[in-house]
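Biologist: Before we go into particular elements, could we look at the chain together and take its features in turn?

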Amino acid sequence: MEVRQLEYVVAIADTKSFTRAAERCHTAQSALSHQIARLEGQLGSKIFERTSRSVVLTEAGQVLLPYARKILNEVADAHCELMELDGAANGRLRLGMTQTAVRVLDLVSILGRYSREQPEIELSLMSGPTAELFGLIARGQLDLAITDLGIEGVPHSLEFLELVDTERLVAVVPRDNPLARRKRVDIRELVAASKFVDFRENTGLRNRVDEMCRVADVTREISFELGEIREMVKFAAHGLGVAIVPKSFTQGPDCAFITELGARVLSLQDPLARLSIGVFTESHRTLPSVWTFLRLLNVTTHFETAN
């Protein structure tokens, strides 16, 4: 079993195509197919089944894939560490973050500083929902995730350090809503008074609001499901429903339209109406590029203590 063969396995599993996998790996399809056939001969099992429309993993392939990802990630980590020890410009840092984390922590400026101070580090970034980021860490495709601590707590094998103790959730209420004259409301009152503009499913914010409703034993009516929190605020301010969002998305010059449209931002009395923002990483991950970023956030001692 060779590293190159495992790279081909992962590429085919990701693209569901021998042709696209060969393009991704910058090799000829015939060479890729030959290596997969050779690997299957070594293992004594078929890894892929080709259908008329796609390529799917066999049962043996499903067993092999997570090991292949783990091995490739560890090989890449070893390569980066060795290159960094030699002072070579081949370090990497793969970050994931949610919309809320970017807004609350002003991560753009932090990343800019990191890039200026560590120009030799290859920095990559993706934004997505918390569950997706956790999955990418587990598969070795991300080094860190900066997001909120969900109601489920810290996933197994991950370490969490809180960066922001409390980011309050607030309700954006249209001017004609019967609650608009209030300063504070609870989830029961919101559900009784209005339809909701909600975040999409399987996200930390959506799960938090779902839990608030479950605890209060109420069921809200959702009119709109959006993938951008800022758009939720706009929809609510224009009278299309009530939106529960992190408070930071209602502050700043870019949020002047809320007041201009006569909408109101109300505090929520519910104990669950808060988020804790922090860093998630695998407890064993010690890449120099990772520690450099953690030092920039002034959090390395917390991880060292925890471990």
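This is a predicted model: local features need pLDDT of at least 70, side-chain atom pairs count only at pLDDT 80 or more; totals for chains, interfaces and linings use all residues.

Modeller: Residues are numbered from 1 along each chain as its sequence is written, and side-chain values use heavy atoms, with hydrogens and water left out.

Biologist: What percentage of the 307 residues in the chain is buried?

Modeller: Buried means under 20% relative accessible area, exposed means over 50%, and partly exposed lies in between, with a 1.4 Å probe and protein chains only. By that criterion, the buried share of the 307 residues is 47%.

Biologist: Which strand pairs with E8, and in which sense, parallel or antiparallel?

Modeller: Helices (H or I, at least four residues) and strands (E, at least two) are DSSP runs, numbered from the N terminus, and two strands pair if DSSP finds at least two bridges between them. Asp198 stands opposite Glu225 in E9. Over four bridges, the partner of E8 is E9 (residues 222-226), and the sense is parallel.

Biologist: Why does Ser194 count as buried, and which residues is Ser194 in contact with, leaving aside neighbours within four places in sequence?

Modeller: Ser194 is found in the loop between helix H8 (187-193) and strand E8 (196-199). Ser194 counts as buried because its relative accessibility is 16%. With contact taken as heavy atoms within 4.5 Å, and leaving aside neighbours within four places in sequence, the residues that Ser194 touches are Asn177, Gly241 and Val242.

Biologist: How far apart in space are Arg184 and Leu266, C-alpha to C-alpha?

Modeller: Arg184 lies in strand E7 (residues 184-185), and at 42% relative accessibility it counts as partly exposed. Not counting residues up to four places away in sequence, Arg184 touches Ser267, Leu268 and Gln269. Although Arg184 and Leu266 are 82 residues apart in sequence, their C-alpha to C-alpha distance is 5.4 Å.

Biologist: Which helix gives the largest share of the nonpolar patch?

Modeller: The nonpolar surface patch, of about 430 Å², is made by Val3, Val63, Tyr67, Ile71 and Val75. Among them, Ile71 counts as partly exposed, at 34% relative accessibility. The largest share, four residues, comes from helix H4 (residues 59-85).

Definitions and conventions: Patches are made of residues with over 30% relative accessible area and no salt bridge: like charges are joined within 9 Å, nonpolar side chains (Val, Leu, Ile, Met, Phe, Trp, Tyr) within 5 Å. Accessible areas come from the Shrake-Rupley method with a 1.4 Å probe; for residues, only the protein chains shown count as cover. A salt bridge is a side-chain nitrogen of Lys or Arg within 4 Å of a carboxyl oxygen of Asp or Glu.
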